[in-house]
Amino acid sequence: MELQNKLKALAEKINQLRDKIETEESTKHAFVLPFINALGYDTFNPLEVVPEFTADIGLKKGEKVDYAIFQNEIPILIIECKHWQVNLDAHNSQLFRYFHTTKTRFALLTNGIQYRFYTDLDHTNKMDSKPFFEFDITRIKDNEALEISKFHKSNFDVDKIVNNASALKYTKEIKKCIAEELVTPSYDFTRLFANKVYDGRLTEKVMDEFTELVHKAFNQTINEKINDRLNSALNKEAENQQEDHIEVIEEESKIVTTEEELEGFRIVVAILRRKLEVNRIVHRDTQSYFGVLLDDNNRKPLCRLHFNGGKKYLGLFDENKRETRELVNDVDDIYQFEEQLLKTIDMYE
């Protein structure tokens with residue numbers, strides 16, 4: 001919990017300062033060193049944290065990595081830093097060269113916001129091309145904080161981290177594949193389910209039809225799972241109130257929340273949960289519209305459902321929080337506005 005609080009405090013600091021951080025050196029001091037400190041290592045102790053650590057490469061002497069963390073006089077983690085605005089995708093080759101010249105099993109590439117941890121799962125002493133663990137410190141999740149804690153000075157165990165690294169790496173890749181399939185089902189993915197339910201010949205026309213059906217079926221399944229969890233949470237809360245003999249008196253209201261509005265909300269949640277935790281997406285019904293808010297904050301509208309009139313509209317917001325109403329003939333049409341809904345999150349995060 002202490003580490004998680006430190007990471008959240010650092011995330012707040014980064015959000016406040018990053019527009020004022022203009023150099024790579026400033027990024028190191030303002031963002032990366034506090035992260036190393038949060039892991040329990042003393043950045044002022046040269047026996048623990050060595051800046052500009054020499055990692056000679058063959059005949060090329062004097063090559064230096066930004067930081068090396070030591071334990072029992074052995075480097076356990078080398079860190080290469082970039083400016084916070086730099087895309088890390090093109091910068092792991094330098095760290096790759098450093099990796100095999102040191103005794104470390106772990107390397108970290110970071111711009112102070114994005115963190116990517118590497119090891120040598122594929123070939124011993126040769127850094128993998130893909131990280132086994134990565135996260136955005138400004139959007140830290142509970143499960144990510146748990147993985148980060150394994151690098152804390154008090155917990156660090158090479159064998160345990162390496163053994164877990166494989167599961168982390170492939171779980172991440174599988175989740176990425178699932179997310180892609182949910183948005184745009186591939187031919188093989190569609191064929192897998194079409195073969196199970198369709199007895200005829202899978203022509204191009206049939207496959208085109210099943211691509212849409214698989215997309216819709218999976219998203220509806222997610223909606224139903226979310227609805228089940230919401231209902232379960234509501235039922236549990238009701239049981240607790242009954243056990244504690246708490247009487248809840250609700251005032252009469254003219255607001256009527258329809259099943260169609262709730263279905264629309266579940267679809268919106270299914271889309272937005274790719275970038276947000278479900279508990280941050282909150283609905284608030286009014287007499288005029290059914291609103292969906294970020295963190296239950298009226299100043300952070302994600303969208304609105306206008307389903308009370310003769311026609312149905314989805315209200316979308318631009319960067320100035322101006323609402324544009326899009327006609328939807330059916331609640332499933334909301335899926336057509338996935339990109340716009342996901343972009344709305346970026347205005348607040």
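The conversation below takes some terms in turn and sets each one against its cut-off.

Mentor: Please keep in mind from the start that this is a predicted model. The protein chain has nine helices and eleven strands, and its C-alpha trace spans about 75 × 60 × 45 Å along its principal axes.

Trainee: Why is Glu-2 called exposed?

Mentor: The label needs a relative accessible area over 50%, and Glu-2 has a value of 58%, so it is exposed. This residue is found in helix H1, which covers residues 2–17. Glu-2 and Ala-38 are 36 residues apart in sequence, while their C-alpha atoms are 9.0 Å apart in space.

Trainee: Which class does Asn-72 belong to, buried or exposed?

Mentor: At 69% relative accessibility, Asn-72 counts as exposed, because the cut-off for that word is over 50%. Asn-72 lies in the loop between S2 and S3, and its phi, near 55°, is likewise a positive value in a residue other than glycine.

Trainee: What do S2 and S3 form, with Asn-72 in the turn?

Mentor: They form a hairpin, with two residues between the strands. S2 and S3 run antiparallel and are joined by five bridges; since two strands pair if there are at least two bridges between them, these two count as paired. Within this pair, Ala-68 stands opposite Ile-78 in S3.

Trainee: How do you know that the pairing in the open sheet is mixed?

Mentor: The six strands of the sheet come in the order S1-S2-S3-S4-S5-S6, with mixed pairing. Its edge strands are S1 (49–54) and S6, each of which pairs on one side only. Neighbouring strands of this sheet are turned by 25° against each other on average, with direction ignored. For the antiparallel sense, look at S1 and S2 (residues 64–71), which pair over five bridges, with Pro-51 opposite Tyr-67 in S2. For the parallel sense, look at S3 and S4 (residues 107–110), which are joined by four bridges, with Ile-78 opposite Ala-107 in S4. In general, strands of a sheet pair through backbone hydrogen bonds, either parallel or antiparallel.

Trainee: How do you know that the length of helix H8 agrees with its number of residues?

Mentor: At 1.5 Å a residue, the 14 residues of H8 (residues 259–272) should span 20 Å, and the end C-alpha atoms are 20 Å apart, so the two values agree. H8 is also mostly covered, with ten of its 14 residues buried; among them are Phe-265, Ile-267 and Leu-272.

Trainee: What makes one space a cavity and another a pocket?

Mentor: A cavity is a space where a 1.4 Å probe fits but cannot get out, whereas a pocket is open. The count comes to one cavity of 30 Å³ or more, and the largest cavity holds about 40 Å³ of space, with Phe-132, Glu-147 and Asn-164 among its lining residues. The lining of the largest cavity divides into five nonpolar, one polar and two charged residues. The largest pocket, by contrast, holds about 2100 Å³.

Trainee: Which residues lie nearest the centre of the largest pocket, and which element gives the most to its lining?

Mentor: The lining has 48 residues, of which Lys-141, Glu-144, Lys-175, Arg-273 and Arg-274 lie nearest the centre. H5 gives the most to this lining, with ten residues, and the lining as a whole divides into 20 nonpolar, seven polar and 21 charged residues.

Notes
Residues are numbered from 1 along each chain as its sequence is written. This is a predicted model: local features need pLDDT of at least 70, side-chain atom pairs count only at pLDDT 80 or more; totals for chains, interfaces and linings use all residues. Side-chain values use heavy atoms; hydrogens and water are left out. On a 1 Å grid over the protein atoms alone, a cavity is a set of points where a 1.4 Å probe fits but cannot get out, and a pocket is an open set with protein on both sides within 12 Å along at least five of seven lines; lining residues have an atom within 4 Å of a point. Grid points are joined across faces, edges and corners, and a volume is the space filled by probe spheres set on the points. Ala, Val, Leu, Ile, Met, Phe, Trp, Tyr, Cys and Pro count as nonpolar, Asp, Glu, Lys and Arg as charged, and the others, Gly among them, as polar. The expected span of a helix is 1.5 Å times one less than its number of residues. Buried means under 20% relative accessible area, exposed over 50%, partly exposed in between (1.4 Å probe, protein chains only). Axes are lines fitted to C-alpha atoms, for helices over the stretch in contact, and angles run from 0 to 180 degrees between N-to-C directions.
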